[in-house]
Amino acid sequence: MPQRRYTPLSSLPGDAPRLVYVSRDRYSKDWNSSLHTHGCAELFFITGGHGRFCTRREEFPVAIHDAVIVNANVPHTEVSQLESPLEYTVLGVDGLETLAGAEGYTMLHLHTGWEELMGCLELMLREAGESQPGYEQVCRSLLDVVLIRLGRQRDAALSDDASGTRASRECALVRRYIDDHFKENLSLDQLAQLAHLNKYYLAHTFRREFGVSPIHYLIARRVEESRFLLRETDHTLSLIAQILGFSSLSYFSQCFRRAEGISPLEYRRQNR
């Protein structure tokens, strides 16, 4: 993790996501690439160089036009290529999370609208650095624009935790249970019994809170794990399907293709 020069911003009234800090970083010799966490979400915008973004279980290449959204308390770090120093702007944001990735982070390739986002970030950095009267309100408005533009991305699935989509206690319990038991044979009836809710009410509330049904979240969690097994093990597709609780190899392949756009075998070939 680089030695960042954070520009903190004090709290403003209202329930919208709050910008905690904004910083611009570039690889240097004192960069310490060790896993760490933050108490707020972080939004990374890669502005130059090449490197890799790492979590506990995955690492993937990043370059200009890439953005990574990491939820609060998710371990992560960044590793730069020496010959092409990594550069990025990072925003720390309270009251925000991405629901797209079961592991608590999302990778986006921003092929359109990049220049407009960079204009917002540049102005945000300048306002925070100069700290003129009203700069916090300007930064908050710029953050709103950034989040709206990101929210248009199909894979972002951003949730404003502080403005009416805070997960209910029951839905949060169900999501945590799925995260811990996704390899088991779970059904909507079992999850509803766990939460002491009618299963139809649970399905409706869970979808309202997280954008997907409990069963689709379960499938997404299994597919996320299957990506790791396809890359890092020599298990057969049938064994992976069995390990992850899919009822059959064909159903696993169907779910994987729907989520990733390619078959499990094609994914393995591309990522080995």
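The axes of α3 (residues 169–181) and α4 (residues 188–195) come within 9 Å and cross at roughly 130°. Axes are lines fitted to C-alpha atoms, for helices over the stretch in contact, with angles from 0 to 180 degrees between N-to-C directions. Helices are DSSP runs (H or I, at least four residues) numbered from the N terminus.

The crossing of α3 over α4 is right-handed, the near helix being turned clockwise from the far one by less than a right angle. On α3 the contact (heavy atoms within 4.5 Å) involves E170, L173, V174, Y177 and I178, and on α4 it involves L191, L194 and A195. These residues comprise 7 nonpolar, no polar and 1 charged; Ala, Val, Leu, Ile, Met, Phe, Trp, Tyr, Cys and Pro count as nonpolar, Asp, Glu, Lys and Arg as charged, and the others, Gly among them, as polar.

The model is predicted: local features need pLDDT of at least 70 and side-chain atom pairs count only at pLDDT 80 or more, whereas totals for chains, interfaces and linings use all residues. Residues are numbered from 1 along each chain as its sequence is written, and side-chain values use heavy atoms, leaving out hydrogens and water.

## Antiparallel pair: α1 and α2

Helix α1 (residues 114–130) and helix α2 (residues 135–151) have axes that come within 9 Å and cross at roughly 160°; the two are therefore roughly antiparallel. Their crossing is left-handed. From α1, E116, L117, C120, L121, L123, M124, E127 and A128 meet α2 residues Y135, V138, C139, L142, L143, V145, V146, R149 and L150. By class, this contact has 14 nonpolar, no polar and 3 charged residues.

## Perpendicular pair: α6 and α8

The axes of α6 (residues 214–232) and α8 (residues 249–260) come within 10 Å and cross at roughly 95°, which makes the helices roughly perpendicular. I219, V223, S226, R227 and L230 of α6 contact Y251, F252, C255, F256, A259 and E260 of α8. The class division is 8 nonpolar, 1 polar and 2 charged.

The structure holds 1 cavity of 30 Å³ or more, a cavity being a set of points on a 1 Å grid over the protein atoms alone where a 1.4 Å probe fits but cannot get out. The largest cavity has a volume of about 40 Å³, taken as the space filled by probe spheres set on the points, which are joined across faces, edges and corners. R57, E58, E103, E224, E225 and F228 line the largest cavity, lining residues having an atom within 4 Å of a point. This lining has 1 nonpolar, no polar and 5 charged residues.

Note on methods:
1 Å grid on protein atoms, 1.4 Å probe; cavity = no way out; pocket = protein on both sides within 12 Å on 5 of 7 lines; lining within 4 Å. Parallel < 35°, antiparallel > 145°, perpendicular 65-115°, else oblique.
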